[in-house]
Amino acid sequence: MFITGRAWKYGDNINTDVIFPGKYTYTVTERAEIARHALEDLDPTFAANVQPGDVIVGGRNFGCGSSREQAATCLVYNGVGAIVAVSFSRIFYRNALNNGLLAIACPEAAAAIQPGEQVTIDAEQHVIRCAAGEFAFPPLSASVMGIVAAGGLVEYVKRKLAAA
Amino acid sequence: MSGQTFAQKALARAAGLDFVEVGQVVDARPDIVLSHDNTAAIRRIWQQFGQERVLIPDRIAITLDHAVPAPTTKHAQNHAEIRQFVQEQGIRHFFEVGRGICHQVLSEEAIVLPGQLILGADSHTTHFGWLGAFGAGIGRSEVATLWATGELWLRVPESMKIVLEGELPPGVTAKDFALRVIGDLGADGGLYMSVEFHGSGIEAMSLESRMVLPNMMAEFGAKNAWIAPDAKTVAYLEQRLKRRLEIGDWRLGAGTHSPLSSLQSLISNFQSLLSDADATYAAIHHYRAADLEPSIACPHSVDKVVPLSAVAGTRVQQAFLGTCTNGRLEDLAAAAEVIRGRRVAPGVRFLVIPASSEVLKAALERGYIQDFVEAGAVIGVPGCGPCMGNHMGIPAPGEVTISSANRNFRGRMGTADSEIYLANPAVVAATAVAGVIVDPREIGE
Ligand code: SF4
């Protein structure tokens, strides 16, 4: 699995309210509309310009705050390929993986990647490539990788229930 | 074998194992799965599984609280869908609009017990650590999965111990302590951790004050937070469990010969889930209550914490008292004490929203609501109010709010271009009176 795209770089403690504002959580349900509000209060240029495969780069505690899953799905619906950060908030981290979105904690890569540059992630070899070089990251546990590979938790559970 | 932490014991129990190691990934079976206004969205995910019935309806608890009463047709439709689901699936732990905020209501109803595992589609599910339970927030797909299969993967977390010695000085609250810890160690200071509170300062606290701590630990990155249950906790639960026994909740052993004695044994069984004295901690932090003072978290991050004096004089347009963090009777009492006989400052709105109908009723009985209304405050319907920017107190661009809530991210209350300061309830009330951030001990007659 290869992911290639441009880097959108942000700082520490990027929280779920700026990724997907709380005021939309019970009324905005269409995919396209959810996608349109992504990062609205942080970077109003993001949703209009993001390309499939692009990579979000964050600092510490990316995705802190609410449990709202749209904070992950609004990125998935925009075609975001992966998120590389120094560290992730735990519910956001679960939500990302559970929606098939790779969340990679790699402080060295998160520091090295420059805004707008081309980034390639080789999920099989656990390597991130960018202008500054190659950065290895630890593999996910086999069971969690199974969820990501299935395209997310819902698909994974569907298969499990069908097999039972 | 060295001792075990609460997190190890609780997750071993929930996974049906004798022992689990830190870092181990287990399939845990929660006792209760919480959701709120997001239940309709979770139902749509669950429907993809093609099931007609959820696996265990009695393990599901649903509260309508985040946007109540419905502010728009869309919100009303959302609620209607949830009611339909509740009826279809025979879900008994369902609480209607106006009953209150999920964490407060499930606490009052004693739906969660010491040592149990509660997973909720709400980040502040950490709250239930106040009664010795393991509470953690999860996502919507995960709740749908739990409805369908009853189990979910969880990693057994490292634990951090925070010790508070001595009694809090007058005017200093559990909120100030929580803000201080987060300010000192950062909004990710407890990332992935099970945060345990220990010490004489915690034992001395009222239950309502204790509730603030695990609640706030969601802002610390914690997976869960925990306070050992004691005689106070058990007395609280006993009184409320009697009500539950009357409705015949099977999980309490109702239908057996002596439901109350099985209740007693249920509670005493959880003593075995306390952390061992020789358990291993990733970090231990000590605080002395006497060193603490009223604290304020400044915009736009909960860890931008300063002593109140550093921001005294900051003008506000709105003061908000409420939420699952600080909307309880003791909080309303502290604020009423400050505001009684005074008036809200011109140019300021003071919103008071009790965390539950039970809190509202008690506040009425004690005359606090009278005090607030006479001072010029606005009383809201028990629920989350404007905490997450849905309705009932959205600030205008450029406005400043002082709030007793737990979160002050940019845009949290619905307006990106506005500022939120977080404080304890008495400071919120004093600020409403003064129009500027002020120490309640310093406002004039
Ligand atoms: S009061 Fe605020 S923090 Fe608490 S559950 Fe409601 S929205 Fe969440």
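These legends describe close-up views of a predicted model.

The model is predicted, so local features need pLDDT of at least 70, side-chain atom pairs count only at pLDDT 80 or more, and totals for chains, interfaces and linings use all residues. Residues are numbered from 1 along each chain as its sequence is written, chains are lettered from A and ligands numbered from 1 in the order in which they are written, and side-chain values use heavy atoms, with hydrogens and water left out.

**View 1. A five-stranded open sheet in chain B.**
The strand order is S4-S3-S2-S5-S6 (chain B), and the pairing is parallel. Helices (H or I, at least four residues) and strands (E, at least two) are DSSP runs, numbered from the N terminus. Two strands pair if DSSP finds at least two bridges between them. Strand S4 (93-95) and strand S6 (134-137) of chain B stand at the edges. Each has a single partner strand, so one side of each is left without a neighbour in the sheet. From one strand to the next, the twist averages 15°. Angles run from 0 to 180 degrees between N-to-C directions, and axes are lines fitted to C-alpha atoms, for helices over the stretch in contact.

**View 2. Strand S5 of chain B beside S6(B).**
Strand S5 covers residues 117-120. Four bridges join S5 to S6(B), and the two run parallel. Ile118(B) has Gly135(B) as its bridge partner in S6(B). Helix H5 (residues 140-149) of chain B packs on the sheet. H5 touches strand S2 (32-35), strand S3 (60-63) and S5 of chain B, where contact means heavy atoms within 4.5 Å. The direction of H5 makes about 140° with that of S2(B).

**View 3. Helix H2 of chain B, largely enclosed.**
Seven of the nine residues of H2(B) are buried, so the helix is largely enclosed by the rest of the structure. Buried means under 20% relative accessible area, exposed over 50%, and partly exposed in between (1.4 Å probe, protein chains only). Among the buried residues are Ile42(B), Ile45(B) and Trp46(B). Their cover includes helix H8 (153-163) of chain A, together with S2, S3, helix H3 (73-89) and H5 of chain B.

**View 4. H2(B) crosses two helices, H5(B) and H3(B).**
The axes of H2(B), residues 39-47, and H5(B) come within 8 Å and cross at roughly 60°. That makes H2(B) oblique to H5(B). Angles under 35 degrees count as roughly parallel, over 145 as roughly antiparallel, 65 to 115 as roughly perpendicular and the rest as oblique. H2(B) passes H5(B) in a right-handed crossing. Contact residues include Ile42(B) and Trp46(B) of H2(B), and Val143(B) and Trp147(B) of H5(B). The axes of H2(B) and H3(B) also come within 8 Å and cross at roughly 60°. This crossing is left-handed. A crossing is left-handed if the near helix is turned anticlockwise from the far one by less than a right angle, and right-handed if clockwise.

**View 5. A four-stranded open sheet in chain B.**
Here the order is S10-S9-S8-S11 (chain B), with parallel pairing. Strand S10 (224-227) and strand S11 (283-288) of chain B stand at the edges. Each has a single partner strand, so one side of each lacks a neighbour in the sheet. On average, neighbouring strands of this sheet are turned by 20° against each other, direction ignored. Strand S8 (residues 159-165) of chain B pairs with S11(B) over six bridges, in the parallel sense. Lys161(B) stands opposite Ile284(B) in S11(B). H8(B) lies across strand S9 (194-198) and S10 of chain B, at about 155° to S10(B).

**View 6. The largest nonpolar core.**
This core has 96 residues. A nonpolar core is a set of buried Ala, Val, Leu, Ile, Met, Phe, Trp, Tyr and Cys residues joined through side-chain atoms within 4.5 Å. Phe46(A), Leu75(A) and Phe92(A) are among those with the most contacts inside the core. Leaving aside neighbours within four places in sequence, Leu75(A) has contacts including Ile19(A), Ile56(A) and Leu101(A).

**View 7. Ile369(B) in helix H15 of chain B.**
H15 spans residues 368-375. At 8% relative accessibility, Ile369(B) counts as buried. Not counting residues up to four places away in sequence, Ile369(B) touches Leu360(B), Ala363(B), Leu364(B) and Ile379(B).
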